[in-house]
Amino acid sequence: VTVYALALGAGRGYDRQELLDLGTAAFLHDVGMTAIPEEIVQKPGPLTPHEWVTMRRHPHEGRALAARGGNISWTVQDVIVHHQERYDGTGYPDGLRGEEIPESARILAVADVFDALTVEKPWRGAHSLFHALKVMRDELGDGLDPVVLRDFILALGQLLAAPEAA
C-alpha cells in the first residue's frame, strides 16, 4: 500500500514532506486494526452489522494510537482517520465526500483498495491486476476519486509497459 501511495503521490507532484507524510500514513493506516478483535479482522465470511460497527472504529483507533506516539503529525493522523472515506460519501467514519476528503486520504484509498483486491484474503483468492482495476473502475468508481483513480491506472500502465531494468 505504501509503495502504491508513494508512487501516486510522486506522480501527482508531492514534495518531500508531503511524500514523507503520505508514506507514514500509508504505513500506519490500518494500525487501528490492532484494537479490533482478531476474530472480526480475520473472519472468513461477511461481517454482521454489529461486527461492522466494531470494524468501523479502526480509523479512530488508528489516529489515537498515532497520536500517542508523539511524533506523528496531525496531517498524518488526518489521513489515517479518513482513509476509509469514499468519494461518493458512503465511507466512514465521518461520511465525507469529494473534496472534503484530504487528497492524501483519497490517494491512500485507491492504493489500499488495489492492494486489498490483488492480495489473497482468507475468504477469496487474489484478483489479477486487470480484474482489480476493472472492479475499481466499474464497481467502486463512485467511491474512489475519479482523477486519482485515472492517475493510478495510467501510472500502473506506464510501469507495466516500461522495459525491465537489466
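Let's start with a lining: the residues around the second largest pocket divide into 11 nonpolar, no polar and no charged. Here Ala, Val, Leu, Ile, Met, Phe, Trp, Tyr, Cys and Pro count as nonpolar, Asp, Glu, Lys and Arg as charged, and the others, Gly among them, as polar.

A word on the source. This is a predicted model, where local features need pLDDT of at least 70, side-chain atom pairs count only at pLDDT 80 or more, and totals for chains, interfaces and linings use all residues. Residues are numbered from 1 along each chain as its sequence is written, and side-chain values use heavy atoms, with hydrogens and water left out.

Now confidence. pLDDT is the predictor's confidence in each residue, from 0 to 100. The chain has a mean of 90, and 96% of its residues reach 70 or more. Helix H2 (residues 16–28) scores highest, at 97. Helix H9 (residues 146–161) is lowest, at a mean of 85. Helices here are DSSP runs (H or I, at least four residues), numbered from the N terminus.

A pocket, on a 1 Å grid over the protein atoms alone, is an open set of points with protein on both sides within 12 Å along at least five of seven lines; lining residues have an atom within 4 Å of a point.

Which residues line the second largest pocket? They are Val 3, Tyr 4, Ala 7, Leu 8, Phe 114, Leu 129, Phe 152, Ala 155, Leu 156, Leu 159 and Leu 160. H1 and H9 are the elements that give two or more residues. H9 has the largest share, with 5 residues.

Next, the rings. Rings of Phe, Tyr and Trp (its six-membered ring) pair if their centres lie within 6.5 Å; planes under 30 degrees apart count as stacked, over 60 as edge-to-face and the rest as tilted. The count is 3 aromatic pairs.

Why is the pair of Tyr 4 and Phe 152 edge-to-face? Because the planes stand at 90°, with the centres 6.0 Å apart. Tyr 4 sits in helix H1 (residues 2–11) and Phe 152 in helix H9, 148 residues apart.

Buried or exposed? Buried means under 20% relative accessible area, exposed over 50%, partly exposed in between (1.4 Å probe, protein chains only). Tyr 4 is partly exposed, at 26%. Phe 152 is buried, at 4%.

Phe 152 also pairs edge-to-face with Phe 114, at 5.0 Å centre to centre and 65° between the planes. Phe 114 lies in helix H7 (residues 103–118) and Phe 152 in helix H9, so this pair ties together parts 38 residues apart in sequence. Both Phe 114 and Phe 152 are buried.

Put together, ring pairs link Tyr 4, Phe 114 and Phe 152 into a cluster.

Conventions
1 Å grid on protein atoms, 1.4 Å probe; cavity = no way out; pocket = protein on both sides within 12 Å on 5 of 7 lines; lining within 4 Å.
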